[in-house]
Amino acid sequence: MKIVKTVVVKNALMLFFLIAILFPLGKMFFFLFNSDIKAILSNPQFFSALKNSIVVTTISTILSVSLAFVLSFCVMRTNIRHKATISTLVTLPMLIPSISHGMGLIFLFGANGIITNFFKMHTTIYGFTGIILGSVMYSFPVAFLLIVDILKYEDYVPYEACAVLGISGWQKMKAVTLSYLSKPMISVFFTTFTMIITDYGVPLVVGGKYLTLPVMMYQEVVGLLDFGKGSVIGTILLFPAVAAFIIDLMKRDNTSSSYTITPFRPKKSVFRTIISYIFCSITILCVLLPILSFILLTFIKKYPVDMSFSASHIIRTFRMGGGQYLCNSFIISVGTSVLGVITAYITAYFTARTFGKSAKFLHLVSITSLAIPGIVLGLSYILFFKGTWLYGTIAILILVNTIHFFASPYLMIYNTLNKLNRNLESVGMTLGITKLQILRDVLIPQTFDTVIEMFVYFFVNCMMTISAVSFLAVEASKPLSLMINQFQAQMSLECASFVSLLIFVVNVALKGSSSFIKKKFVCKGTADAF
């Protein structure tokens, strides 16, 4: 009976992933046959957009990864203080939509931008330069976290051996540091590249006439309802994401944690410490300036004409449905977080704690969403679910966001469950304790910290995403983040800044609440256990 129940749950999960991932993608690929692919690919506008995307993405990725590497080196390889605070501040851009980064650049460097007016500058932020700056702001916090995680687990023993053997600094860097970082950094590069090339938020706001593929896809699908052309562009945008997925998969499979790592001990250097403080301070200032500009534009009447205090933009936003859209976002975020955490936990339990072909299949499908950009997933959902009862509802937004953000929380709990004693279930069976009881009384309490992180990840990303939901949302189900597109099109930048600020405040409040819960309950539970 227990085996039958397990098989039923596994089959239900497989059916869920088939309907939520594989069938929609298959429908999008089917639309390729209804399109004149040769005519689309030979179109000068398409070729220009493709070239523009590759150029700005490559430059932005190099700058973003370089900035993230230097910053992570300052945090992990020097003796500066308040490292946790610095890491928190530089990752604040992850709490606002990508389109808000473009808005922030306009507020700062536009024709009447704050910095432009202050320094009497005569430059334009629109086009090539704006896309690169916005893309770097949007992507470098993710690259920073990835590189910090890599440096955190670098073993110090080889460096001690080099010191004993009298190996020079350059030889040590080449033989130890570069050797350790080479493969992980390739993964970081491709992950950052994928984030930038599939984003349409920044190019949509500051791109001007500099057209990129995601913006072209957005215009063709949302504006012209040309699903065939959108499918061709979506398939092309899958290529870098699939490459990043394969590289990350190969790296993960080759990773070993079977040995004890000696933490890195940075050498004391006053010069290095001062330089690190200066670099971190400049980076934090650049990160905070757009957020501060949101606050300024929210509470003034009209920049730069009338700088008097006003709450008119807040009132206007709520009169135009901001309250309803905020409720929609909250419902979507909570619904996605609950569905995502439950589905990811159950899936990870089977893939990490059981064996067999079905477990391997579930694991492969679960991490497949890493290779599907949100803009492509949104298009595939339109094609597959259009005409069904699900289309146009909040439920489809919950479903698409669950799949869009599924892989990372799933890997969080998968890795955590893999670290727990694998003999718990066997011991439980000899004592007459069921797997369900072990799951409820042992595994879930032991992994509660990770569960909170999973919930926060789903919630924060749902609050700020504009990619997949922009294709699927209707007026009744529209989330708050899409009001930024609406206000930007109306050139009501003050209202757009308030929406960005509101999303930021909600996400900060949730992260603060999650930290309090972990300190209050998780730490207390751990202390009680010992």
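Contact here means heavy atoms within 4.5 Å. By that criterion, Ser408, Pro409, Met412, Ile413 and Thr416 in helix α19 meet Thr450, Glu453, Met454, Tyr457 and Phe458 in helix α22. The model is a predicted one.

Helix α19 covers residues 407-419, and helix α22 covers residues 448-464. Their axes lie 9 Å apart, and the packing angle is about 175 degrees. Angles over 145 degrees count as roughly antiparallel, so α19 is roughly antiparallel to α22. By class, the contact of α19 with α22 has 6 nonpolar, 3 polar and 1 charged residues.

Helix α15 (residues 322-353) and helix α21 (residues 435-446) cross at roughly 105 degrees. Their axes come within 13 Å. The range from 65 to 115 degrees counts as roughly perpendicular, and α15 and α21 are therefore roughly perpendicular to each other. On the α15 side, Tyr345, Tyr349 and Arg353 make the contact. On the α21 side, the residues are Lys435, Leu439, Leu443 and Ile444. This contact of α15 with α21 divides into 5 nonpolar, no polar and 2 charged residues.

Now turn to the aromatic rings. The whole structure holds 19 aromatic pairs. One of them joins Phe189 and Phe190: the ring centres are 6.2 Å apart and the planes stand at 75 degrees. Planes over 60 degrees apart count as edge-to-face, so this pair is edge-to-face. Phe189 is partly exposed, with a relative accessible area of 28%. Phe190 is also partly exposed, with a relative accessible area of 28%.

Phe406 and Tyr410 also form an aromatic pair, and this pair is stacked. The distance is 5.9 Å centre to centre, with 15 degrees between the planes. Phe406 counts as buried, at 1% relative accessibility. Tyr410 counts as buried too, at 0%. The cut-off for buried is under 20% relative accessible area. Ring pairs extend the picture, linking Phe406 and Tyr410 with Phe16, Phe17 and Tyr414 in a cluster.

Tyr410 leads on to the core. In soluble globular proteins, nonpolar side chains tend to be buried together. Here the largest nonpolar core has 135 residues. Tyr410 is among those with the most contacts inside this core, along with Met103, Tyr381, Leu417 and Leu472. What does Tyr381 touch, not counting residues up to four places away in sequence? Its partners are Ala20, Pro24, Lys386, Ile396, Leu399, Val400, Ile403 and Leu472.

Definitions and conventions. Residues numbered from 1 in each chain as written. Predicted model: local features only at pLDDT ≥ 70, side-chain atom pairs only at ≥ 80, totals over all residues. Heavy atoms only, no water. Phe/Tyr/Trp six-rings, centres within 6.5 Å; stacked < 30°, edge-to-face > 60°. Buried < 20%, exposed > 50% of the residue type's maximum accessible area, 1.4 Å probe, protein only. Core = buried A, V, L, I, M, F, W, Y, C linked by side-chain atoms within 4.5 Å. Axes fitted to C-alpha atoms, helices over the stretch in contact; angles between N-to-C directions. Helix = DSSP H or I, 4+ residues; strand = E, 2+ residues; numbered from the N terminus. Parallel < 35°, antiparallel > 145°, perpendicular 65-115°, else oblique. Nonpolar A, V, L, I, M, F, W, Y, C, P; charged D, E, K, R; others polar.
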